[in-house]
Amino acid sequence: MDPRSATDSIGRRIRALNERVTSLQAQGLYFYNQPVQEILPGMKVRVNGRVMGMYASYSYLGLIGHPRINEAARKAIERFGTGTNGVRTLAGTLTIHAELEETIAHFKHAEAAITFSSGYATNLTVVSTLVGRGDYVFSDKLNHASIVDGCLMSGAEFRRFRHNDMKHLETLLQNAPPDAAKLVIADAVFSMDGDIIDLPKMVELCRKYNAWLMIDEAHSVGVLGKTGRGIEEHFGLGNAIDIKMGTLSKTIPSVGGYVAGRKELITYLRHASRAYIFSAALPPAQAAAANEAFKVILDEPWRIERLNQNTQQFIHGLKSLGLDTMQTQTAIVPVLCGEDEKAFAMTRECQLNDVFVLPVVSPAVPEGLSRLRATVTAIHEPQEIERAIEAIGQAARRVGIL
Ligand SMILES: *Cc1c(COP(=O)(O)O)cnc(C)c1O
């Protein structure tokens, strides 16, 4: 027994969560944190000794393990070793960091770019560096947790608009003092739903109300636009976003986050954002891998075409079985289950049929909207996608969703 009393609420919270995990494990309904033993060709993985089709990966273009990218990482290790032993501002900056930032700027049609050690840290630090007490920040209700945390940490007036509801955003902008500093933020592609933000309208509103616009492209780089450059290319908007944020951990098979934008903005962030100044630089191998990956995307446009075909096949197949894939238009494909337990049961049935999908439940999504969150990539084979659609359909009939 823990000697602390029953009024110890930290202990109580920890115990409650542990009980929930243990109970799910006992029922065979716990699927998080499963180690992947091996990554196999064609988006297959070995988990618990079984080969499964992987439908939970963010490697949208299938770049993980790409020979050119692996080779770039190896060379960087030979040249620079495995760590940076310091922050960018002092001894941590290597030529590979400068090259990577130039590559990102070029890819995003921006003047300059800055990198951080994760996408999460990027949102936290960028939002809280740009706005503070007395300023206003406007955020979509379904924005990623890292944006929400950045807004809270900033101390700015935090206004949340209904998901993708530009009328509501406009009302909130109108209600803020005209001369207050304003920042509007949204995901380009929403990470739990797969739908796309109404960027053209958002750009118009930001201009009308003198607000800065920040877009998180975690799930749109390599996914949207003919050449995979993201949401501006998708809408044919040119340079419309002030703060183009993205991660190096999804389509780009590395780790880290970035912001691309005007040179002045990047210089400012380099000298004012705490995650840049007080946290170690990206390891050389990861910077080199990311740098090469952006080049591979431009050199191998077939991957984007295949991703689009596979996305259409997957969504269409699931819908024609009568499943609810919500508003998705991209490679993130939710399959609505309802209650948490239904989503867990669906997961078990799918994994028993060698389809690796995972459930997303509250509080990550609203209660009653628990779902499987399946993702499809450029390198899934069409027959394999067909097999997965059938397996998901069968699972849905077993647990009573269909
Ligand atoms: C994954 C994700 C992040 C965080 O990126 P990491 O590089 O994994 O820290 C930020 N925003 C969105 C929308 C994401 O999906």
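**Entry 1: the domain contact**

I began where the two domains meet: 17 residues of domain 1 are in contact with 20 residues of domain 2. The model I am reading is predicted. I looked up the bounds, and the domain assignment gives residues 26-55 together with 301-399 as domain 1, and residues 67-299 as domain 2. Taken over C-alpha atoms, the centres of domain 1 and domain 2 are 27 Å apart.

I then looked up the area. About 1300 Å² is buried between domain 1 and domain 2, and carbon and sulfur atoms give 60% of that area. On the side of domain 1, I noted that Ile304, Thr330 and Ile332 lose the most area to domain 2. Together these three residues make up 37% of what that side buries.

**Entry 2: charged and polar pairs between the domains**

How many salt bridges are counted between domain 1 and domain 2? I found one. I also looked up Asp193 and Arg371, whose side chains meet in a salt bridge with N to O at 3.2 Å. For polar contacts, I recorded five residue pairs across the interface of domain 1 and domain 2, both residues of each pair being at pLDDT 80 or more.

Next I asked which elements of domain 1 supply the side that touches domain 2. Helix α13 (302-320), strand β11 (332-338) and strand β14 (370-375) each supply at least two residues. The largest share, four residues, comes from α13.

**Entry 3: the sheet of seven strands**

I traced an open sheet of seven strands, in the order β4-β10-β9-β8-β7-β5-β6, with mixed pairing. Why is one side of β4 and of β6 left without a neighbour in the sheet? I noted that β4 (112-116) and β6 (157-161) stand at the edges and each has a single partner strand, so one side of each remains without a neighbour. From one strand to the next, the twist averages 20 degrees.

I followed one pairing in detail. Strand β5, residues 136-140, pairs with β6 in the parallel sense over five bridges. Phe138 has Arg159 in β6 as its bridge partner.

I then looked at helices on this sheet. Helix α7 (residues 166-175) packs on the sheet and touches β5, β6 and β7 (182-187). The direction of α7 makes about 155 degrees with that of β6. Helix α4 (residues 95-107) lies across β4 and β10 (257-261), and α4 runs at about 125 degrees to β4.

**Entry 4: the sheet of four strands**

I found another open sheet, formed by four strands in the order β1-β2-β3-β12, again with mixed pairing. Its edge strands are β1 (36-40) and β12 (355-356), each of which pairs on one side only. Strands β1 and β2 (residues 44-47) run antiparallel and are joined by four bridges. Within this region I noted Ile39, which stands opposite Val45 in β2.

**Entry 5: salt bridges in the whole model**

I looked up the overall count, which comes to 20 salt bridges. One pair I followed was Asp340 with Arg20, whose closest N and O atoms are 3.8 Å apart. How many residues apart in sequence are the parts that this pair ties together? Asp340 lies in helix α14 (residues 340-352) and Arg20 in helix α1 (residues 9-26), so the pair ties together parts that are 320 residues apart in sequence.

Methods: Residues numbered from 1 in each chain as written. Predicted model: local features only at pLDDT ≥ 70, side-chain atom pairs only at ≥ 80, totals over all residues. Heavy atoms only, no water. Pairing = 2+ DSSP bridges. Axes fitted to C-alpha atoms, helices over the stretch in contact; angles between N-to-C directions. Contact = heavy atoms within 4.5 Å. Domains from an automatic or database assignment. Buried area = accessible area lost by both parts, 1.4 Å probe. Salt bridge = Lys/Arg side-chain N within 4 Å of Asp/Glu carboxyl O. Polar contact = N/O pair within 3.5 Å; in protein donor to acceptor, adjacent residues only side chain to side chain.
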